[in-house]
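Colleague: I would like to go through this model with you. Could we take the sheet, then a helix, then some individual side chains?

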Amino acid sequence: MTRYVVDASAVLRLASAEIEVPGDHKLLAPTLLRSQTLSALHEAVQRGDLPADVARDRLARIGRMPIRLLSDGVLRRRAWELADQLGWASTFNAEYVALTQLQADAFVTLDAELARSVEGIVTTASIDELL
């Protein structure tokens with residue numbers, strides 16, 4: 001079984017493409033994933049990029065995805081350290097990277113810049129590897 005940390009960009013793509021991840025993969029994310037996906041979908045509606053019913057359907061689909069959401073003191077401390085190490089003011093992305101270091105085999109993001117910035121820190125994987 002391969003364990004993948006998925007960020008909001010990856011989860012939103014899975015939801016929009018209605019992709020089911022095979023059961024031999026385990027998906028993990030920090031609990032902030034809920035807020036990030038909610039906000040991204042709401043923002044898309046407000047910009048006029050998505051109809052509200054489509055956004056709510058995707059949000060419901062995300063809620064049904066078998067993603068184990070995690071957050072604890074160890075994760076938060078490691079995220080803080082990583083944000084310092086990488087020169088990031090925000091710790092949001094650092095939580096995904098920290099969780100990957102602590103509990104997963106690879107990190108899946110569609111953010112190419114983020115993936116480049118964590119080279120040598122964690123293994124990254126493409127969304128195609130989830131299939």
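Modeller: The answers below concern a predicted model.

Colleague: In what order do the strands of the sheet stand?

Modeller: The order is β3-β2-β1-β4-β5, five strands in an open sheet with parallel pairing.

Colleague: And which strands stand at the edges?

Modeller: β3 and β5 (124-125) do. Each has a single partner strand, so one side of each is left without a neighbour in the sheet.

Colleague: How many bridges hold β1 to β2?

Modeller: There are four bridges between β1 and strand β2 (residues 25-30), in the parallel sense. Between these two strands the chain passes through helix α1 (residues 8-16), and this β-α-β crossover is right-handed.

Colleague: What about β4, how many bridges does that strand have to β1, and how many to β5?

Modeller: Three bridges join β4 to β1, running parallel. Two bridges join β4 to β5, also parallel.

Colleague: Let us look at one residue in β1. Is Y4 buried or exposed?

Modeller: Y4, which belongs to strand β1 (residues 2-6), is buried, with a relative accessible area of 6%.

Colleague: Which residues does Y4 stand opposite in β2 and have as bridge partner in β4?

Modeller: In β2, Y4 stands opposite L27. In β4, its bridge partner is A106. The C-alpha atoms of Y4 and A106 are separated by 5.1 Å, although these residues are 102 apart along the chain.

Colleague: What else is Y4 in contact with, beyond its neighbours within four places in sequence?

Modeller: The contacts of Y4 include H25, K26 and L28, as well as A104, V108, A125, E129 and L130.

Colleague: Changing topic to α1: which of its residues are buried?

Modeller: The buried residues of α1 are A8, A10, V11, L14 and A15. They cover an arc of only 160° around the axis, which puts them on the same side of α1.

Colleague: What covers them?

Modeller: The cover includes the strands β1, β3 (67-70) and β4, together with the helices α2 (32-47), α3 and α5.

Colleague: And which residue with a positive phi follows α1?

Modeller: That is E18, with a phi near 55°.

Colleague: With which residues does the side chain of R61 make polar contacts?

Modeller: The side chain of R61 makes a polar contact with the side chain of E18 at 3.4 Å, and another with the side chain of D57 at 2.4 Å. R61 lies in helix α3 (residues 52-64). Leaving aside neighbours within four places in sequence, R61 is in contact with A15, S16 and E18.

Colleague: Why does R61 count as buried?

Modeller: R61 counts as buried because its relative accessibility is 15%, and the cut-off for buried is under 20%.

Colleague: Last topic, aromatics. How many aromatic pairs does the structure hold?

Modeller: It holds one aromatic pair. The partners are Y96 and F107, and they are stacked, with 6.2 Å centre to centre and 25° between the planes.

Colleague: Where do the two residues lie?

Modeller: Y96 is in helix α5 (residues 92-103) and F107 in strand β4 (residues 106-108), so the pair ties together parts that are eleven residues apart in sequence.

Colleague: Are Y96 and F107 buried or exposed?

Modeller: Y96 counts as buried at 1% relative accessibility, and F107 counts as buried at 0%. Within the sheet, F107 stands opposite T124 in β5.

Definitions and conventions: Residues are numbered from 1 along each chain as its sequence is written. This is a predicted model: local features need pLDDT of at least 70, side-chain atom pairs count only at pLDDT 80 or more; totals for chains, interfaces and linings use all residues. Side-chain values use heavy atoms; hydrogens and water are left out. Buried means under 20% relative accessible area, exposed over 50%, partly exposed in between (1.4 Å probe, protein chains only). A polar contact is a pair of N or O atoms within 3.5 Å; within protein, one must be able to donate a hydrogen and the other to accept it, and residues adjacent in sequence count only if both atoms are side-chain atoms. Contact means heavy atoms within 4.5 Å. Rings of Phe, Tyr and Trp (its six-membered ring) pair if their centres lie within 6.5 Å; planes under 30 degrees apart count as stacked, over 60 as edge-to-face and the rest as tilted. Two strands pair if DSSP finds at least two bridges between them. A crossover is right-handed if, with the strands pointing away from the viewer, the path from the first strand over the helix to the second runs clockwise. The arc is that of the directions from the helix axis to the C-beta atoms.
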